[in-house]
Amino acid sequence: MNKEKPLNVTSPSLPSIAGALACRRWYATPVGVATLARLQTHLTRMTADVFGYYALETGVLAGQHSFLQDSRITNRFVLGSVAGEVVNCQAHPDYLPITPSDVDLVVASHSLDCSQQPYQVLREIERVLVPEGHCILVGFNPLSLRGIGQWRYAGRQQHLPCRMYSSRRVHDWLGVLGFEVLETVTAGFWPAFGGDRVFQHTRWLERLGDRFQPGVGSVYLIHAQKKVSNRTPLLPSRKVAPVLRPGIIVNPGAGRISDKRRDHVE
């Protein structure tokens, strides 16, 4: 499962940069700011009991917002994908410049939405995580009021700056890679239309959504843990009696019949 892959660090493609900028513009709106605050609350709760030596932040919001500001892991690194940001390293989430099995916690914000190869992003996260390591994925929910607006691009999703993948589909990908999904929540239940006035009068929707979690929030968080199976050798089902017993001398003439005795028998 933990196979080493070449660390080919490539520059982000134009669709990924356009998607990152589109996501950041949405988070700059009042609905986006409020949703980001709810994400931070959920993520702080999810990482409260996650310990280790190294934590990594990558994705659209890396360099813009620190999700790990309350994490107990002191060695935290930020990988940005847009030039000009104050980050520890600039790299594409498809190819993380990190050695295998070195990171205890990975937080990826919209890395799947803005990548041409979302499954490759998950493979890289699985590669750099230690056994029993944790990852938290943030992504847009297609089954939300915001996601309904993307349905008009059905059949032309390749022209979108970023795509939306359902949490169920991401669960399937994680299961194939050996992850166990610990928790999935959604946030941002405000309508994506109507401006600030509608936003101010629909704050009760967020409280209602947080309580019952109907799964229709604008953004989802998936908390998963990397599982590694232990290989146990199979023992034989029955015991085979030894041919020779210890401490007994083998008689080389045993079982032989002399020529005289053979003639007498005949």
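Start by selecting Trp173, which is buried, with a relative accessible area of 14%; here buried means under 20% relative accessible area, exposed over 50% and partly exposed in between, using a 1.4 Å probe and protein chains only. You are looking at a predicted model, in which local features need pLDDT of at least 70 and side-chain atom pairs count only at pLDDT 80 or more, while totals for chains, interfaces and linings use all residues. Residues are numbered from 1 along each chain as its sequence is written, and side-chain values use heavy atoms, with hydrogens and water left out.

The structure holds six aromatic pairs, where rings of Phe, Tyr and Trp (its six-membered ring) pair if their centres lie within 6.5 Å; planes under 30 degrees apart count as stacked, over 60 as edge-to-face and the rest as tilted. The ring centres of Tyr119 and Trp173 are 6.4 Å apart with planes at 75°, so this pair is edge-to-face. It links distant parts of the chain, 54 residues apart: Tyr119 sits in helix α3 and Trp173 in helix α5 (residues 167–176). Helices (H or I, at least four residues) and strands (E, at least two) are DSSP runs, numbered from the N terminus.

For another aromatic stop, select Trp26, Tyr27 and Phe140, which ring pairs link into a cluster.

Next come the charged side chains. The structure holds five salt bridges, each a side-chain nitrogen of Lys or Arg within 4 Å of a carboxyl oxygen of Asp or Glu.

Go back to helix α3 (residues 118–128) and pick Glu124 and Arg127, three residues apart, about one turn of the helix. Their side chains meet in a salt bridge at 3.0 Å, N to O, and both residues are buried.

Move on to Glu132 and Lys227, whose closest N and O atoms are 3.0 Å apart in a salt bridge. Glu132 lies in strand β5 (residues 129–140) and Lys227 in the loop between β7 (219–226) and α8 (259–265), so the pair ties together parts that are 95 residues apart in sequence.

Finish with Glu183 and Arg45, a salt bridge with its closest N and O atoms 2.9 Å apart. Glu183 is in strand β6 (residues 179–187) and Arg45 in helix α2 (residues 30–46), so parts 138 residues apart in sequence are tied together.
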